[in-house]
Amino acid sequence: MRWSTVGALFLSGCYSGIAATGDTEGDEVHDPSQAMGSEGTDEGPQRPEEEPSTEDDVGRIALHRLTRAQYEHTLADLLHLEDLPAATFIRGGTGVGFPNEAKLLRDIPEDLARGYIEHAREVVGVVFANPDARARVSSCTPETDDDTACAEAFVASFGLRAWRRPVEPQETERLIAHYREVRDAGGSHDDALAVLTRMFLGSPHFVFHVELDEAPDETAPHRLDAYALASRLSYTIWNSMPDDDLFAQAKDGTLFERERLHAEVDRMLADPKGTRFREAFVETWVRVPLLDAQALLIDTEVYPAWSAELGDDMRAELVAYLDDFVHDDLPWSTFLTADVNFVTERLAEHYGMPWTGDAGTVRVEGYEDQRVGYLGLAGFLTYSSRSARTAPTFRGKLILEALSCTALMIPPNVPELEMDDESGTEFPSIREQLEAHRAAPECAACHNLLDPPGLVLENFDAIGAWRETYEDGYPIDPRTTFQETDVASLIELAPEIAKTKQFLNCPVEKMLTFALRRTPEGDDRAFIREISETWNGGSLRDLLKAVVLHDAFQWRRGEAPE
Amino acid sequence: MKRITKTLAHRRLRARRALLSRRDVLRAATGACLALPFLPSLHSARAAASSGPIKRFLPIYFPNGASEHWWTGLETSGSGDGWTLSNVLAPLQALKSKTIHIRNLGNYRAMQDNRQVEPSHARCSAAYLTCVDADARDQRNGISIDQLLVERAAFATPIDSLQLGLGTFPGFFDGRPWHYNQAVSWKASTGTHETEPLRRVVSPREVFEALVPWATPREPDPEDPAPNYDESILDEFLAESAALKAKLSRSDAQVVDQFETRIRELEILTGTVDTGMDPIPRCEVPQEEMPDIPDSDQELQGVASHNGADVNGTEYDRGRHAELMNQLIVLAFQCDLTRVVSYMLDDARSPFRYDHVTVEDFGGTPGDLNFHDGAQHNGDRLNNAYGSITQWMVQQTASLAGMLEAIPEGDGTMLDNTLMLLGSGMHSDDHDAAELPMVLIGGGPTFAHDQNVVLAPYPEDRQLRDLYFTILQRHFELDVEGFGEDRDGAPNALLEEILA
């Protein structure tokens, strides 16, 4: 396979990643689409199997708290209220990777518990001051002061949605006692509901993702209960709680059916909340948020064409491009080669495209220039650069790490991977500096991997405009060799990267990581290989279906005592 | 007068929402004095009030190393008239008699055998107060000196410690979590890890509210007369936590356990639990000495978290931000709300533009005021921008020290009772974890002040952990066995050169 030369380099010290996802040695190929019982017959709902269809370890999602985005989305969806007070007290890591990773969310810093409680107080204040919002919380009125039927109905209906599972009898009993406490002290029905709402929102059952094991200290796998599956689905696709449809299917036990799950994935992606799958998962994965930070740093003395509005247009183009793959099912295999742009008049001018629209954004397909695929989008080319120059090594690093799931390990005692050298406007050129780098064996290991894509992209400046010379007139020479193939332009390079197994299978690793909220461990590698075999660079929607049908998504296990 | 009224009104609004607002509010004097409340200390349960002179600890950190101009003229040891400050250190001139410059301390041996630590910014800042390699501990860390002090000295102050900072513009994190770049303080944790990072707070308002959270005089509040049921709510969370823990694996139960601990801490603060301690005497600060905190965070745009929209724009004034933080630190000390503050003058690897700094001529090329990209990584290591930014760091420290020096306390000044350190986790533009910039200011009779201590240079250099060990042993008189780590397991040794 084409990546074989890379394999040799891995041995020389740069590559620290897990086994390449294309590696299929050993394992039996398992078709995840077969995971759900026998094929469709008309005998009604299939009973979920009692055993997982894999002998591999399905693992577990460790208990962890909601991310800030999840917390905010969940509150908004629970209360049907936008514009609630921001939950600034919830902080998350900003390391590389997905912010929903369970292990990052297991600390309760000093001010967090207090933040939950104070925030819940504020939110409840907003809800009970808004008649519409208040009515959505509970619609009935008690007939007498002793009448607790209304409160019980509230606990059952609101509690189900707040805690994402039915409230248990002893919990109901305790909560009703709190209701009575307020009423007996002279509080109104609403006063008491407000106190109960604060209890629901600050509760560990609200702020944590709770998945229970039948035997928490044993490692035998068991199927998730249907409510936990509904939450896994909704937090994967909506980054938020399940809706009433999902709760209904969890209740009647139909959610595990293969066809039903397929239909749910389609429905959830089509829902307005479906854009959160792109936001929380795809954008983070391909590192779009880097653009937001970079947009504030661009040196307008070097790039006078830059403006905040141009930056907004670039971001909108990235989003529209990603949506073609998330919602419109363009196959992943064309992610680097699809010749599609989404331009405003401003962005068209930046690209040197004739402007044909009147206003707004126009989808342009097949415009003949040097720009192709995701790597040709100005947004990518900008967020992969520095404030006053391009950063070819960083571009290469993003392509390898984010898009090809190839983790790099910086060998000891070399300077930061991010380049310290001067801008490319001075002699010697970046090319010569990089070649010097690669002459040293300890540097070559990484730079042989990193540099070729970066060098080819030198034809695009740090805000993604086409250029043939550096700012001082020094000519750009984009010729290089990628995996033993000579390439001299993005148009030649993109299909070469696109046919590597690392690129084609990368979404499987990323999506499984996101859905299982853990860096692949244990037998996750085997699951990634299995899904890769059947998915084969298809649509992200099909991949999502394969992931949610997989045993690793539908089963879990306890944890052996230390 | 008008301004302060407005500020108080704003606070009152906030206080009404605060969980702790309705309990233990001091019947405060209104008018000329702002009063701090009775506040049962969390420490009260585990420590009696300490006796003897007050001893505070205030380590200050700056990122991106120091300009080489820091050391100009400081090659040889000397004391009194036998040494002079470099131009970069000149802001400390008025306090020279209470200052020690220490040259050639390294911190690399906490991490590896040589000074070129990679990735430099993240690891060096994480190790700055811990002298432990966070990378070697699954991206966690050891306990930092300030937190060890909090734990061992057990000062009976309302607030254990503060972690403050001015970093408003996050840069590249070197592929590490935030806590490498935005926290230098690490405390022991009851959670899933042995330690937890304490992120620096950059919002002056947040700090102010931490210091004066219950400053509202107790008065009937007609808009909010109902009981708040905080106690019942906390009880409910404890009941839920206990029931949940019983259903979880051991490691998951630890997470809920930490949640439960936090709820119990709130119970103590809200007075739900009787600690049996006398309340802390109140502190009255004349209004004119109160920091003039803007009503809205918008007025200090640097307060956004790194997840929010950080603005590096013209509205934000880093100089003003620093001035407010200094005032807040003085306020905290004056009221004895805490004795331990760690202060990050900026986050590690900060690319913030120090456009408010006037570039002085240090004899180099002009350089650029983007701290990391333009100043530290300028081709000319002696560029004027780097020198000027470094000098600005010294200025803020000198200004704070000057404020403490102006306040009499005991037989001397507040500065005598406050040990300040100013330094960085890396040397200079070379990013080395050796020959760290380090100045000690104040701290009273423990130290042989007014001298330049030049220790043996790399690779025979002493390590930062010995400075911290010396401070813990000799200044705070704590019987610590050692501090930090050494790759070769070398034991700590006192840094006799700085002791009186």
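About 5300 Å² of area is buried between chain B and chain A, and carbon and sulfur atoms give 54% of that. Buried area here is the accessible area (1.4 Å probe) that two parts lose on being put together, summed over both. The model is a predicted one, in which local features need pLDDT of at least 70 and side-chain atom pairs count only at pLDDT 80 or more, while totals for chains, interfaces and linings use all residues. Residues are numbered from 1 along each chain as its sequence is written, chains are lettered from A and ligands numbered from 1 in the order in which they are written, and side-chain values use heavy atoms, with hydrogens and water left out.

At the interface, 61 residues of chain B are in contact (heavy atoms within 4.5 Å) with 55 residues of chain A. The rule finds seven salt bridges across it, a salt bridge being a side-chain nitrogen of Lys or Arg within 4 Å of a carboxyl oxygen of Asp or Glu. E168(A) and K247(B) meet in a salt bridge through their side chains, at 3.4 Å from N to O. On the chain B side that touches chain A, at least two residues each come from α2 (120–126), α6 (230–245), α7 (250–270) and α9 (371–376) of chain B. Helices (H or I, at least four residues) and strands (E, at least two) are DSSP runs, numbered from the N terminus. Helix α7(B) hands over the largest share of this side, eleven residues. Sorted by class, the side has 20 nonpolar, 20 polar and 21 charged residues; Ala, Val, Leu, Ile, Met, Phe, Trp, Tyr, Cys and Pro count as nonpolar, Asp, Glu, Lys and Arg as charged, and the others, Gly among them, as polar.

Now for the inside of chain B. Helix α3 (residues 145–153) of chain B has I145(B), D146(B), Q147(B), L148(B), L149(B) and V150(B) buried, where buried means under 20% relative accessible area, exposed over 50%, and partly exposed in between (1.4 Å probe, protein chains only). The buried residues of α3(B) pack against several elements of chain B, including β2 (56–61), β6 (162–165) and α11 (464–475). Just past α3(B), A154(B) takes a positive phi of about 50°.

Over all chains, the structure holds 68 salt bridges. In chain A, the side chains of D213(A) and R60(A) pair up at 3.3 Å, N to O, in a salt bridge. D213(A) sits in the loop between β2 (208–209) and β3 (221–223) of chain A and R60(A) in the loop between α1 (4–11) and β1 (64–65) of chain A, so the pair ties together parts that are 153 residues apart in sequence. D213(A) is buried, with a relative accessible area of 9%, and R60(A) is buried at 10%. R232(A) and E211(A) form a salt bridge at 2.7 Å, N to O, and both residues are buried. These four residues belong to a network of salt bridges that also links R106(A), R556(A), E559(A) and D252(B).

Confidence is the last point. Chain A averages a pLDDT (the predictor's confidence in each residue, from 0 to 100) of 86, and 86% of the residues score at least 70. Residues 16–47 of chain A, though, stay under 50, and over residues 416–427 of chain A the pLDDT is below 50 as well. Where pLDDT is low, the predicted coordinates should not be read in detail.
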